[in-house]
Amino acid sequence: MTEHKFIPIDELINRVMMQLKEQHYMESTLIVYKRTYHRIKEFMLQNDYQNYSPEIGSSFLDEQKVSASTMSAYKCAVRRLNDSYNDKEFRSHHENDTAKICDVYKDLLEDYLNNCINKGNKPGTIAHKRFACIHFLNFLAESDYKDISLINAGIIARALLIFTNPDRYADVKSFLRYLKEKSLIDRDYAEMIPRLKRAQPIPSVYTIDEIKLIEQHVDISTDTGKRNIAIIRLATRMGLRSGDIAKLTLDEIDFSSETIHLIQEKTNIPLELQMPKEVSDSIYAHLENSKKNHYSDEYVFHSMTAPYGKISTSIIRHLVNNSMDKAGIEVGLRKHGPHAFRSSLASHMIEDENSYETVRKILGHSDPNVIKHYAKTDIERLRLCAISPPKPNGLFKDYLSGKQVISHV
């Protein structure tokens, strides 16, 4: 009979949060974990569970109806609780415990991964490569290819079929290239693996009327509302990323020249922008209102609840989504975070016939081709580029009309 331990949920949560802090996880990530654990505690309370167990974690996951990305976060949080419950050491990445490399290729795999580490691959990249290579090499061994020099295009093609996620192809390709560089195989089989071309989705765009409606539904009579409208307008009117808004400091704002100058978090590239009057007025009103809180740091935006630290990107996403809900915006299939406002600004500027170079500078992109991605949303101008097809004639006309049947050889 399985022995059940009785460990209070708060004790397990404290253990996990302490481990995450010791591993220097970002504040925004810690907030996500805290929210998930709060939901698990509510689930236990509703079902009269006194102490946590992995079975309770499974029941919690089974009852969730959330997006794939949210479910992934929930599963990770539950796995960490289970590890703490079972007294397992902290693991940065939860790999498949059943995936063990066969003995014949164990040394080869470790040599390859050490080579990747020496090249500067990050732990997350190493974990992905380890996973792909274990399954690839195990398939070779199970197919009686226990000498890596004997592999051929046929066995490689069959091995690729075991992966349901085509992203693994790139990991196998990197491994095959390593084998050729080390003269462990006589041909460069990496070239037979096609590069996965990802589809470029059309950016999510909100109309100017929708954005105005969102702003109008922010209650600026409250302290929180004064903060939120300043944040939203930095995203809608200036296209700032949520990470740059979260870390915006007082010395990066110059009210005398109505400019913001900062180093972008994502690209590390300097950016200087002129503030529209609505933005500068909103920020000024927020700062005047927040003086009574006597913040000791240099940041512009803070959490409105204890411990009142620098605002996180997750809080920004939440307040944007909450404002859109209050405004009754029909999101549909569109993305609905602060980054969608950045896409909207770019698309509207292009529709107003601003040059790609102007839009690129305002959004702080270093690659000029990135901005052209937003042109896909300008349907009316794209119609002008459409070319009428020629009228069909001859055999092709007969084929379309059904008079002629073309047999395929």
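Guide: Gladly! Let us start with helices: the expected span of a helix is 1.5 Å times one less than its number of residues. Please keep in mind that this is a predicted model.

Visitor: Which span does helix α4 reach from its first C-alpha to its last?

Guide: Helix α4, residues 68–85, reaches 25 Å with its 18 residues, close to the expected 26 Å. Just after α4, aspartate 87 takes a positive phi of about 60°.

Visitor: What covers the buried residues of α4?

Guide: The cover includes α1 (9–22), α2 (27–46) and α3 (54–62). Among the buried residues of α4 are Met71, Tyr74, Arg80, Asp83 and Tyr85.

Visitor: Let us turn to a single lysine. Is lysine 129 buried or exposed?

Guide: Buried means under 20% relative accessible area. Lysine 129 has 10%, so this residue counts as buried. Its place is in helix α6, residues 123–142.

Visitor: Which residues does lysine 129 touch, not counting those up to four places away in sequence?

Guide: Lysine 129 touches Tyr112, Leu113, Cys116, Asn121, Asp171 and Ser174. With asparagine 121, the side chain of lysine 129 makes a polar contact of 2.8 Å. Tyrosine 112 is 17 residues away along the chain, and its C-alpha is separated from that of lysine 129 by 9.6 Å.

Visitor: Aspartate 171 was on that list. With which residue does aspartate 171 meet in a salt bridge?

Guide: The partner is arginine 168, at 3.9 Å from N to O. Both residues lie in helix α8 (residues 168–181), three residues apart, about one turn of the helix.

Visitor: How many salt bridges does the structure hold?

Guide: There are 11. Glu215, Arg233, Arg237 and Glu278 are linked in a network of them. In one of these pairs, the closest N and O atoms of glutamate 215 and arginine 237 are 2.6 Å apart. That pair links distant parts of the chain, with glutamate 215 in helix α9 and arginine 237 in the loop between α10 and α11.

Visitor: And where does glutamate 278 lie?

Guide: Arginine 237 also meets glutamate 278 in a salt bridge, 3.6 Å from N to O. Glutamate 278 lies in helix α12 and arginine 237 in the loop between α10 and α11, so the pair ties together parts that are 41 residues apart in sequence.

Definitions and conventions. Residues are numbered from 1 along each chain as its sequence is written. This is a predicted model: local features need pLDDT of at least 70, side-chain atom pairs count only at pLDDT 80 or more; totals for chains, interfaces and linings use all residues. Side-chain values use heavy atoms; hydrogens and water are left out. Helices (H or I, at least four residues) and strands (E, at least two) are DSSP runs, numbered from the N terminus. Buried means under 20% relative accessible area, exposed over 50%, partly exposed in between (1.4 Å probe, protein chains only). Contact means heavy atoms within 4.5 Å. A polar contact is a pair of N or O atoms within 3.5 Å; within protein, one must be able to donate a hydrogen and the other to accept it, and residues adjacent in sequence count only if both atoms are side-chain atoms. A salt bridge is a side-chain nitrogen of Lys or Arg within 4 Å of a carboxyl oxygen of Asp or Glu.
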